[in-house]
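Hi everyone, thanks for coming. Let me put a structure up on the screen, and then we can walk through it together.

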Amino acid sequence: MIKVIYFFNRRPDLSVEDFQKYWGTTHADRVRQIPGVKRCVQCHTLLSGYSRPSPPVLDGVEEISFKSTADFKWGLQTPAGEAAMADLPNFVRLDRVRHIITEETEIKPGAVREGMVKNIELVTRKQRMPIAEFHAYWRDFHGPLAAKIDVIQRYVQSHTLMEEYEKEMPPAYDGVAETWFVDTAAMRLSATMPEYAATRADEKNFLTEPLPFIITREAVII
């Protein structure tokens, strides 16, 4: 199973509410028609994030799972896939749309319940760090370190596929880290814990800092 992750910024003439409504209804209906889609989740940036001095780096992330990369490419070539892609300019800035093709690694299992918040971090490896070394370090050392943060309910790493690095255009990110919390209060509490401090201290060993992130809630489409 592979997971294609799209990074969206809304059209500047759309309010956040209108963007999220269109994405969650009209566009979601188009994605549901794409053959081969096994799962689709929209991650909408929390409205509270727009009250900060700096706007969120993204208005949302869409995660679409397929059995294989071949199924993903075939699905986009169908009439339904072409219709979904043609719909993007109706609600997103097409010039800023990026995607990565990943494989998901579950670091800390846990159920996702309604109302949970999800932190999404956009991961870029440290400059000149070998690709395979980065992915191994992130998964095998840093992952278990972060999993010790007690209030994290679920933790998933999505690693960009090695074949994506063979393309002429390098991938937008080396992966995405996703952590779920009961609520934003629990997320804030995590930042006070020694395990959090240890996790953040380790990031300099393999990541380009600071990590862009958004805080979201999920909408399951399929």
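Which pattern does the protein follow, read along the sequence? Reading along, we get β-α-β-β-α-α-β-β-α-β-β-α-α-β. That comes from six helices and eight strands, where helices (H or I, at least four residues) and strands (E, at least two) are DSSP runs numbered from the N terminus.

A quick word on the ground rules. This is a predicted model, where local features need pLDDT of at least 70 and side-chain atom pairs count only at pLDDT 80 or more, while totals for chains, interfaces and linings use all residues. Residues are numbered from 1 along each chain as its sequence is written, and side-chain values use heavy atoms, with hydrogens and water left out.

Now the overall build. The C-alpha atoms fill a box of roughly 50 × 40 × 30 Å along the principal axes. Of the 222 residues, 48% are buried, meaning under 20% relative accessible area with a 1.4 Å probe, protein chains only. Contacts are heavy atoms within 4.5 Å; among those with a separation of 6 or more, 83% join residues 24 or more positions apart.

Note on methods: Buried means under 20% relative accessible area, exposed over 50%, partly exposed in between (1.4 Å probe, protein chains only).
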